[in-house]
Amino acid sequence: MKIILGIICGLVVLFAGGCAVVLVIAEATDSGAAALALIPGGIAALNVLVLMALFGKSQPQRWAFYVLAGLDVLAAIIMAIFWSSIASQVNDIWTLAVPVIGVLLLKAVLTVLVARKLPPPPAA
């Protein structure tokens with residue numbers, strides 16, 4: 001379970017981080033692109049927090065797990081709405097949409113399950 005979640009989070013870090021870098025570079029030609037880079041950059045940062053907690057590099061932050069799971073469900077809902085709205089124009093869009101939505105929902109479920117199995121925070 002941790003390995004599958006780690007693989008998916010790693011892929012999201014690569015994709016979202018790449019999108020953020022491209023948007024920051026695009027700031028040279030578009031005046032609002034750097035501010036837009038905060039969205040994929042934040043998603044990449046949350047995934048990095050989860051990866052660090054999964055593999056013992058930092059103290060697990062439960063809030064990061066739950067926020068990330070909520071964002072994954074929200075992204076799956078937004079994708080379903082978007083892809084259903086263009087389904088009349090692109091007939092085979094669901095061959096791409098269903099696996100992506102399924103992976104996002106799987107990632108959300110795995111994130112919550114792993115968060116529930118985290119050890120309690122140390123008493124200070």
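The following dialogue examines a predicted model and the terms used to describe it.

Modeller: In this predicted model, local features need pLDDT of at least 70 and side-chain atom pairs count only at pLDDT 80 or more, whereas totals for chains, interfaces and linings use all residues. Residues are numbered from 1 along each chain as its sequence is written, and side-chain values use heavy atoms, with hydrogens and water left out.

Biologist: How do you know how many helices and strands the protein has?

Modeller: Helices (H or I, at least four residues) and strands (E, at least two) are DSSP runs, numbered from the N terminus. The protein comes to 5 helices and 0 strands, and its pattern along the sequence is α-α-α-α-α. Its C-alpha atoms fill a box of roughly 55 × 35 × 20 Å along the principal axes.

Biologist: Why is Thr111 called buried?

Modeller: Buried means under 20% relative accessible area, exposed over 50%, and partly exposed in between (1.4 Å probe, protein chains only). Thr111 has a relative accessible area of 0%, so Thr111 is buried. Thr111 lies in helix α5, residues 94–116.

Biologist: Why are Ala115 and Lys107 given that label too?

Modeller: Ala115 is at 0% relative accessibility and therefore counts as buried. Lys107 is at 1%, so Lys107 counts as buried as well. Helix α5 holds both Ala115 and Lys107. Over the protein, buried residues make up 28% of the 124 residues.

Biologist: Why is Pro119 called exposed?

Modeller: The relative accessible area of Pro119 is 54%, and the term requires over 50%; therefore Pro119 is exposed. Pro119 is placed in the segment after α5. The C-alpha atoms of Pro119 and Gln59 are separated by 10.0 Å, although these residues are 60 apart along the chain.

Biologist: What makes the approach of Thr111 to Lys107 a polar contact?

Modeller: A polar contact is a pair of N or O atoms within 3.5 Å; within protein, one must be able to donate a hydrogen and the other to accept it, and residues adjacent in sequence count only if both atoms are side-chain atoms. The side chain of Thr111 reaches the backbone oxygen of Lys107 at 2.5 Å, and this distance is within the 3.5 Å limit.

Biologist: Which residues are in contact with Thr111, leaving aside its neighbours within four places in sequence?

Modeller: Contact means heavy atoms within 4.5 Å. On that basis, Thr111 is in contact with Leu5, Phe65, Ala69 and Asp72. With the corresponding exclusion, Ala115 is in contact with Arg62, Phe65 and Tyr66, while the residues that Lys107 touches include Leu5, Asn47 and Asp72. Among contacts in the protein between residues at least 6 apart in sequence, 64% join residues at least 24 apart.

Biologist: What lines the largest pocket?

Modeller: A pocket is an open set of points on a 1 Å grid over the protein atoms alone, where a 1.4 Å probe fits, with protein on both sides within 12 Å along at least five of seven lines; lining residues have an atom within 4 Å of a point. About 720 Å³ of space lies in the largest pocket. Of its 23 lining residues, the closest to its centre are Val12, Phe15, Ala75, Met79 and Leu104. The elements giving two or more residues to this lining are α1 (2–25), α3 (38–54), α4 (62–85) and α5. Helix α4 gives the most, with 9 residues.

Notes
Points joined across faces, edges and corners; volume = space filled by probe spheres on them.
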